[in-house]
Amino acid sequence: MTKPKLIYIVSSRYSGTTLLSAILGAHPDISTIGERKKFYIKSLRPGGKGRFDCSCGKLYSECEYWSAIRDDVVAKIPDSYLRTDVTQFRLYQNNLLNRIGRRITKDLIASNRSIGFTPFARRVREMCEVNKHIVNATLHLDGNEIFVDSSKPIQHALYLSLIEDFDFYVVYMIRDPRAQAASGMKYHKWSPEKAANIWLREHTDIRKIFDTWNVKKYEMTYGGFCREPMRHLKEILDFAGVDSSGASLDFRSTPKHFSGNKRMLKAKTTEITERKGWMEQLSAQEIKIIEGIAGDFWEKEELMVNG
């Protein structure tokens, strides 16, 4: 029996992952809810209030699609599994214990070793079980066998790869640090130093893990994808063994139920272009700071990914 496919998009925030998952989700054989990692806080959390809205325009608590997934999942798991944010793979409520557990399990999985002997193994299995049911419930609802998750953190990819029920693939997309830093400065009021260091830390960690982790992966830059979206789309589909004849860039014509960047989903233009607003937003001094911190690593990654 063929396993369902799980395609996980690894990146950092403001890297175009919502756009990529929406385009992949336009394929008739692919299902996606965007960022799976937010399913707990927006739908599963015990006693949680429905104050978040789905891309369909309804509150998640009132969206028939998300409600059907939630009801399916809740019916199959013990309540005790939901004691922490399972879709963010939070091991414990205690922050220190959570950091220790995540670090140990992350290093073991990234080096292709078992976490079975650790005190965290049982909780990781419980969290994987919940996320497995979220994926399967979504696929069952759509009648599909391929699920795309745009959650981004590499740690989540490591945990999801442990679910033996899925054929697991990683798509890695990296964006120019100047563009990403500009978004962090705009939406979080970060300094250029902080924004650049966050970008550098996250992508250095991703590359370090890729150097040791035995996983099927496809790599590209955000800019490269925007310049040749159909080429990259077909290459991703071929990489994951999905029929590329169903490839389409028209992701806005089919109603979706997304968690992600809804501003992008609601944009009226169907043209896919690289966003370069950072060129006007950032001062010459801010660009100099960002390039001084992240420029060398970006040049190496861009060369490696684009060949």
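A nonpolar core here is a set of buried Ala, Val, Leu, Ile, Met, Phe, Trp, Tyr and Cys residues joined through side-chain atoms within 4.5 Å. The model behind these views is a predicted one.

**View 1. The largest nonpolar core takes in 82 residues.** Val10, Leu20, Val130, Phe168, Trp213 and Met220 are the members that touch the most others.

**View 2. Zooming in on Trp213 and its contacts.** Skip the neighbours within four places in sequence, and Trp213 is in contact with Ile109, Ala110 and Asn112, then with Ile154, Ala157, Leu158 and Ser161, and also with Phe168 and Val170. Phe168 turns up again among the core residues touching the most other members, as does Trp213 itself.

**View 3. Helix α7 (residues 177–188) crosses helix α8 (residues 192–210).** Their axes come within 9 Å and cross at roughly 125 degrees, which makes α7 oblique to α8. The crossing is right-handed. On the α7 side you'll find Pro177, Gln180, Ala181 and Met185, which meet Pro192, Ala195, Ala196, Trp199 and His203 of α8. Sort the residues of this contact by type and you get 7 nonpolar, 2 polar and no charged.

View 4. Ser31 counts as buried because its relative accessibility is 1%, against a cut-off of under 20%. Leaving out residues up to four places away in sequence, Ser31 touches Thr138, Leu139, Asp142 and Asn144, plus Ile146, Phe147 and Val148.

Conventions:
Residues are numbered from 1 along each chain as its sequence is written. This is a predicted model: local features need pLDDT of at least 70, side-chain atom pairs count only at pLDDT 80 or more; totals for chains, interfaces and linings use all residues. Side-chain values use heavy atoms; hydrogens and water are left out. Buried means under 20% relative accessible area, exposed over 50%, partly exposed in between (1.4 Å probe, protein chains only). Contact means heavy atoms within 4.5 Å. Axes are lines fitted to C-alpha atoms, for helices over the stretch in contact, and angles run from 0 to 180 degrees between N-to-C directions. Helices (H or I, at least four residues) and strands (E, at least two) are DSSP runs, numbered from the N terminus. Angles under 35 degrees count as roughly parallel, over 145 as roughly antiparallel, 65 to 115 as roughly perpendicular and the rest as oblique. A crossing is left-handed if the near helix is turned anticlockwise from the far one by less than a right angle, and right-handed if clockwise. Ala, Val, Leu, Ile, Met, Phe, Trp, Tyr, Cys and Pro count as nonpolar, Asp, Glu, Lys and Arg as charged, and the others, Gly among them, as polar.
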